[in-house]
Amino acid sequence: MTPLDSDIAHLLAGSMLLVSFLLLYQDRMFALLNFFALHACVLALSVGWQAYLQRAPHLYITALIALAFKGVFIPVALHRIVVRLGIHRTIEAVVSIGPTMLIGMALVALAIVVMLPVTATEGVFVREDLAFALSVLLLGLLMMITRRNAVSQVIGFMSLENGLILAATGARGMPLVVEISVAFSILIAFLVIGMFLFRIRERFDTVDLQALDMSRGEASGGEA
Amino acid sequence: MSPGFGNLALAGLLAVPAGGAIILATIPRYRVSAALNVAVCALTLSCAAALYAHRPEPSLYLLVDDVNTVFLLVGGLVGFTTSLFSAGYIAHELETRRLKTGDLRFYHAMYQLLMFAMNLALVANNIGLMWVAIELATLTTVVMVGLYRTNAALEAAWKYFILGSVGIALALFGTILVYLAAEQHLGEGMTAMAWDHLVRRSAAFDPALLNLAFVFLLLGYGTKVGLAPVHAWLPDAHAEGPTPISAVLSGLLLNVALFALLRFKLIMAGNAQVLSPGPMMVTMGLVSLVFAGFMLYRRRDIKRMFAYSSIEHMGIITLAFGLGGPIASFAGLLHMTMHSLTKSAIFFGVGYVSQLEGTQRIADIRGLTQSEPLLGWLLVIAVAAIAGLPPFGVFTSEFLLVTSTFARAPWLAALLGVGLMIAFSALALRLHGLAFGDSPRRHTLHAWRLAPMALHLLLVAAAGIYLPGTIVSWFRHVASQLG
C-alpha cells in the first residue's frame with residue numbers, strides 16, 4: 001500500500017466523519033435526508049476503495065448496496081414518508097445544537113484516545129480507520145439520543161451502521177458472511193422500521209383526530 | 001455418539017422451525033396453524049434431545065458442545081410448552097377481537113422464525129453468524145411486541161427496537177475487534193471468526209484489543225440480557241406484547257443473549273493478560289438485582305412487575321457466571337434453567353389472569369384463589385417458587401450461590417442476600433393482594449389449559465426436592481467448562 005493509497009482511504013473515512021457532524025446539526029428534515037444520502041455515498045466510495053486496495057471483489061457488492069440502497073432507496077422512501085406524515089418542518093432536539101456539537105467533538109476525541117493505543121500492533125491504516133469508524137458510530141448514537149423524532153432516530157441508527165460497515169471493511173479479510181449479513185440485516189431492519197412507520201401513520205389516520213388534521217394540513221403544504 | 005445422526009438432528013434443529021415459519025405463513029385457518037405450531041415445536045424439541053446423545057462434527061459455522069446442548073434443551077422445552085399455551089391464548093384473543101386471523105398467520109410465522117434464530121445463535125460457531133442470528137431474533141420479537149398496534153404497544157416496540165439495535169450494533173463492533181485480535185494469529189478469513197479456534201488460541205491475542213472488545217460486547221449483548229443500566233426496553237416489551245411472547249422473551253431470548261456473553265467470556269478467560277471479565281459481570285449482575293428488587297415495589301401492571309423480576313434473575317445468573325468456579329457456575333446454570341421454567345409458567349398464568357379479568361392492573365385483580373381456584377393456587381405456587389422459597393429449584397440454586405459466594409467474598413454475599421430479600425418481600429406483598437381476599441367473580445378455565453403451567457412447576461419442584469444424579473453430573477461437567 002503506497003502512502004497515496006492510504007491517504008485516499010483516510011480522506012474518505014475522514015469525510016464520513018465530517019458528514020456525521022453535518023448530520024448532527026441539521027434542523028430540517030429534508031436536509032437531514034440529503035445529508036444522510038451523502039453519508040451513504042461517501043461510505044460506498046470508501047468501501048469501494050478498500051475493495052480495490054485489498055483486492056477483495058466481494059467488497060464491491062457491499063459498496064454497491066451502500067450506494068443503491070442507503071444512498072438512494074432509503075432517502076427517497078423516507079422523503080415520501082415524511083411528506084405523508086407532514087413532519088418535514090422541524091426536528092425536535094432534546095439538547096440544542098451548540099452543546100450537541102461540543103459533545104460530538106468530545107466523543108471523537110474519546111474514540112481516538114481509546115482506539116489508537118489499543119490497536120498499536122495493527123498497520124497504520126487499520127488503526128485510523130477504526131478510530132474514524134468508532135467516531136462515526138458514537139456520533140450516530142449521539143444523534144439517536146438527542147432527537148425525539150422517529151425519522152431522525154432512524155437516520156441516526158443508519159449512520160451508526162455506516163460506521164460499523166466502515167470498521168468491518170477496514171478489518172483485513174473479514175469474511176464475506178459478515179459484510180453481506182450486515183447489509184442484509186440493515187435491509188430487514190429497514191423493513192421493520194417501514195412497517196412501524198406505516199403503523200404509526202395508521203394510528204394518525206384512525207385515532208388521533210387532531211393529529212390527523214395537522215397531518216393533512218402540513219402534508220398538502222409539503223407537496224405545494 | 002454417531003456423528004451422522006447428529007448431523008441430521010442439527011439440520012432438523014434449524015430446518016424444522018425455518019420450514020415451519022414458511023408453511024405457517026400460508027395457512028389461514030388458525031386452529032390448523034396453532035396445532036401445526038405445536039407439532040413443529042415438538043419436532044424441534046426432539047431434534048434438540050437427539051443432539052444431547054449424538055454430537056455432529058464441528059464445522060467452521062456450526063458447533064454443538066456440552067454447553068449449548070443445555071441451552072438448546074431448555075429452549076426446546078419452553079418453546080414447546082409455550083406453543084401449547086399459545087394455542088389456548090390466541091383462541092381467546094380472537095374471540096375478544098383483539099387479534100384478527102391475518103395477524104395470527106404473521107404471529108405463528110414469527111414465532112417459528114424466532115425459534116430458528118435462537119437455535120442458530122446457540123449452535124453458531126462463527127461469532128459473526130451468532131451476531132446475525134441474535135439480530136434476527138431481536139427483529140422477530142420487535143414485530144411481535146407491536147402486534148396489538150395500540151399506541152402503548154407501538155411505543156414499546158419502538159423503544160425495544162431502538163435500544164435493541166444500539167445494543168446489537170455495539171456487539172458487532174466488539175465482534176469486529178475480536179476478529180482483528182484473532183486475525184494477527186489465525187490469518188485472514190473464516191478461522192479467525194470460528195469460536196473453537198478463538199478459544200484455543202486466545203492466549204496469544206493482543207490483550208488491549210480483547211479488553212476493549214469485551215466492554216463493547218458486555219454493553220451490547222448485556223442490553224439484550226436486560227442488565228441494569230441498559231434494561232429500559234425490557235419491562236415495556238414484556239407488558240405490551242402478547243403474553244406467549246413475554247414467556248418466550250423471559251424464558252429463552254434473555255438466555256440466548258447471556259449465552260453469547262459466556263462464549264466471549266471463555267475467549268477472555270484463555271488469555272492471562274486481559275482484564276478478568278468476572279468482576280465486570282458481577283457488578284452488572286448485582287446492580288441489576290438490587291435495582292430490579294426496588295423497582296418491584298412500585299409496579300402497577302402485573303406483566304411489568306414480572307418483567308422486573310426477570311431483570312432481577314438475569315442479574316443473579318450473570319453474577320453467578322461472573323463469579324465463576326465450579327459451584328457458582330453450577331448454580332448459575334441451574335438457576336438459568338429454573339428461572340426459564342418458572343418465569344414462563346408465571347407468564348402462562350398471568351396471561352390467563354389478564355384475559356379472565358380483562359385487565360393487567362394489579363389493583364383491579366383480587367382474590368384469584370376464590371374466583372379461579374386452580375389457576376390462583378398455581379400462580380401462588382409459581383410466585384413462591386420464583387421468590388426463592390423451598391422446596392423449589394430456584395431455592396436450591398440461590399442457596400448454592402449464596403453459600404459459595406459467602407466462602408469467597410462475604411461482602412458480596414451480604415449484598416446478594418439483601419437484594420434477594422428486597423425482591424422476595426416485594427413479590428410477597430403483591431401476591432397477597434392478587435391471590436387472596438374476596439372476589440365477586442367466578443371463572444371456569446379448562447383444566448387442560450393449565451397443563452403446561454403445572455408441568456413446569458412440577459419440574460421445578462422436582463428439581464428442588466431431588467435433582468437426579470445424571471443431571472447433577474451433566475451440569476457439573478458443563479459448569480467446569482464454563483470456568
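This is a predicted model: local features need pLDDT of at least 70, side-chain atom pairs count only at pLDDT 80 or more; totals for chains, interfaces and linings use all residues.
Of the 483 residues that make up chain B, 60% count as buried. Along the principal axes, the C-alpha trace of chain B spans about 70 × 55 × 45 Å. A compact globule of 483 residues would have a radius of gyration near 23 Å, and the 21 Å of chain B agrees with this. Contacts in chain B also reach across the sequence: among those between residues at least 6 apart, 82% join residues at least 24 apart.

The largest nonpolar core has 250 residues, and B:Ala121, B:Ala133 and B:Val256 are the ones with the most contacts inside it. Helix α6(B) gives the most to this core, with 23 residues. Around B:Ala121, leaving out residues up to four places away in sequence, the residues touched are B:Met130, B:Ala133, B:Ile134, B:Ala137, B:Val256 and B:Ala260.

Helix α6 of chain B covers residues 151-186, and B:Leu170 lies in it. B:Leu170 is buried because 24 other C-beta atoms lie within 10 Å, and a count of 20 or more is what the term requires. Beyond its neighbours within four places in sequence, B:Leu170 is in contact with B:Phe216, B:Leu219 and B:Gly220. B:Met295, by comparison, is 125 residues from B:Leu170 along the chain, and the C-alpha atoms of the two are separated by 27 Å.

Attention now turns to chain A and the place where the two chains meet. Here 34 residues of chain A are in contact with 34 residues of chain B. On the chain A side, at least two residues each are supplied by α4 (97-118), α5 (124-146), α6 and α7 (176-206). The largest share, twelve residues, comes from α7(A). Sorted by class, this side of chain A has 23 nonpolar, six polar and five charged residues.

Helix α6 of chain A, one of the contributors to that side, can also be looked at for its own geometry.

Notes
Residues are numbered from 1 along each chain as its sequence is written. Chains are lettered from A and ligands numbered from 1 in the order in which they are written. Two residues are in contact if their C-beta atoms, placed from the backbone, lie within 7 Å. Helices (H or I, at least four residues) and strands (E, at least two) are DSSP runs, numbered from the N terminus. Ala, Val, Leu, Ile, Met, Phe, Trp, Tyr, Cys and Pro count as nonpolar, Asp, Glu, Lys and Arg as charged, and the others, Gly among them, as polar. The radius of gyration is taken over C-alpha atoms; the globule rule is 2.2 Å times the number of residues to the power 0.38. A residue is buried if 20 or more other C-beta atoms lie within 10 Å of its own, exposed if 12 or fewer, and partly exposed in between; C-beta atoms are placed from the backbone. A nonpolar core is a set of buried Ala, Val, Leu, Ile, Met, Phe, Trp, Tyr and Cys residues joined through C-beta atoms within 7 Å.
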